[in-house]
Amino acid sequence: MPRDPDADVIVVGAGLAGLRCATRLAGSGHHVVVLEADDRVGGRQRTDEVDGFLLDRGFQVLNPAYPAVKRWADVAALGLQRFPAGVRVRREERTVELADPRRHPTRIPATLASGLVRPGDLLGLARWALPALLRPRRIIGGPDRALRDGWDRAGLRGPLRTEVLEPFLAGVLACDDGSTSDSFVRLLVRMFALGSPGVPERGIAALPAQLADAARAAGAEIRLEARVQRLRAGAGPSGAAAPAAAGPSTTGARRVEVDVVGAGSLRAAAVVVAVGPDAVADLAGVPRPVTRGLQTWWFAPDVAPTTSATIAVDGRRRGPVVNTVVISNAAPSYAPSGRHLVEATCLLPAAARSDAAAAPTEQDVRRHLSEIWGTEASAWPLLRRDDLPDALPAQPPPLRTTTPARLRDGVYVAGDHRNTASIQGALVSGDRVARAVLADLRGA
């Protein structure tokens, strides 16, 4: 007879999806073990302390308007430090700041005088954005197309598009060619309109740390530095190896074995693969998700280039930087007292995976920052550069908000690459897969 399983469910990966999945399963009374290859939880949501500065792994913001964040995170406890609702734009002759007119009505005259906002553009923006603000479910279930085509259909053209929206969203989507799902971007802009994004006081890693505490409180066991090598179909009730057949997991009949590097194997009635897009193909046997790359630079100038905390873009599009911000102006906790922290994000071409020469260079980044901020950036001390080839899953049309939770008998997969490329998508995917596992276990 086969031995009893080591857990009811094993969750591979302690990122946002895996932690939410584990919390839901453990809260339903199941013995859950989470296996994480890294020395800490969080996956892509990671923060390191460097010379007293807090450096996230890439420029990541948390939007408290996400329904999943409202439901499963304690935003107040994270001490969210918010960015102003606007964007700073470097134009040919000057730099202007556009502010959200709903939150900063006194700055409407300056916004109108910027030369970036024309009546026709405003009408096009309204035609494009209002359906998502008023009836988001129709956007989710309706027809979809590439973002550039959606803007063309709405009549959104001119400098508001080319100098503001396109460069700003390039950093958000890790894509600047307009090929992203129009429906996805409209829903994303809806969240920007409803919320005030920011960063937690102790860095973006504070979010998964909080979710890990919730998982442990629910009864889940989290094992760090436990790298899973492969999954295998376990033994049936007679001790014979069971085939990996489609259909719900049968607790008394089949097990899944998980081989852990240097620690033997574990057995469970179900295994949820909740790793990133770079590793999911090898473990789960699914096609590797298409991803977009980003490169983030962290500088510590002696003097801040501005007192503004608004994110800046180059409306002229004359360099590799797609957004930059004096993050310590918005989040003082990210820098030691009296010091300044500047973030700059560039797109990382797919070719950079195999050819380092394809990535933006430090010289080009410093030149571009000097132009954007209007001050010399060539001598700013560099704290770190992060190359993130798998920063975000690609989100082409048509919009896909769900994919099958179960891959085969006893094996499930979760992650933002199975939902939408966002914190919202990761949390929703983890919870949805947990509900699928619970239904199958109950059915068994």
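Across the whole structure, a search turns up five aromatic pairs. One of them joins Phe-168 and Phe-192 in an edge-to-face arrangement. Keep in mind as you look around that this is a predicted model. The points below start with the rings, then move on to the helices and to one arginine.

**Aromatic rings**

- A pair of aromatic rings is described by two things: the distance of the centres and the angle of the planes.
- For Phe-168 and Phe-192, the rings are 5.9 Å apart centre to centre, with 70 degrees between the planes. The pair counts as edge-to-face because that label applies to planes over 60 degrees apart.
- This pair links distant parts of the chain, since Phe-168 belongs to helix H8 and Phe-192 to helix H9, 24 residues apart.
- Is Phe-192 buried, partly exposed or exposed? Its relative accessibility is 25%, so Phe-192 counts as partly exposed; the buried class is kept for values under 20%.
- Elsewhere, ring pairs connect Trp-297, Phe-299 and Trp-380 into a cluster.

**Where H8 meets H9**

- Helix H8 covers residues 158–173 and helix H9 covers residues 182–194. Their axes are 12 Å apart, and the two helices pack at an angle of about 100 degrees.
- H8 and H9 are therefore roughly perpendicular to each other, a description used for angles of 65 to 115 degrees.
- From H8, the residues that take part are Phe-168, Leu-169, Val-172 and Leu-173; they meet Phe-184, Val-185, Leu-188 and Phe-192 of H9.
- What kinds of residues make this contact? Eight are nonpolar, with no polar and no charged residues.

**Where H5 meets H7**

- The axes of helix H5 (residues 119–134) and helix H7 (residues 147–154) come within 8 Å and cross at roughly 120 degrees.
- That angle makes H5 and H7 oblique to each other, and their crossing is right-handed.
- On the H5 side, Gly-124, Arg-127 and Trp-128 make the contact, while H7 contributes Leu-147, Gly-150, Trp-151 and Ala-154.
- The residues of this contact between H5 and H7 divide into four nonpolar, two polar and one charged.

**A closer look at Arg-186**

- Arg-186 sits in helix H9.
- With a relative accessibility of 12%, Arg-186 counts as buried, because the limit for that class is under 20%.
- Which residues does Arg-186 touch, leaving out those up to four places away in sequence? They are Arg-127, Trp-128, Pro-131, Ala-132 and Ile-139.

How values were computed:
Residues are numbered from 1 along each chain as its sequence is written. This is a predicted model: local features need pLDDT of at least 70, side-chain atom pairs count only at pLDDT 80 or more; totals for chains, interfaces and linings use all residues. Side-chain values use heavy atoms; hydrogens and water are left out. Axes are lines fitted to C-alpha atoms, for helices over the stretch in contact, and angles run from 0 to 180 degrees between N-to-C directions. Helices (H or I, at least four residues) and strands (E, at least two) are DSSP runs, numbered from the N terminus. Angles under 35 degrees count as roughly parallel, over 145 as roughly antiparallel, 65 to 115 as roughly perpendicular and the rest as oblique. A crossing is left-handed if the near helix is turned anticlockwise from the far one by less than a right angle, and right-handed if clockwise. Contact means heavy atoms within 4.5 Å. Ala, Val, Leu, Ile, Met, Phe, Trp, Tyr, Cys and Pro count as nonpolar, Asp, Glu, Lys and Arg as charged, and the others, Gly among them, as polar. Rings of Phe, Tyr and Trp (its six-membered ring) pair if their centres lie within 6.5 Å; planes under 30 degrees apart count as stacked, over 60 as edge-to-face and the rest as tilted. Buried means under 20% relative accessible area, exposed over 50%, partly exposed in between (1.4 Å probe, protein chains only).
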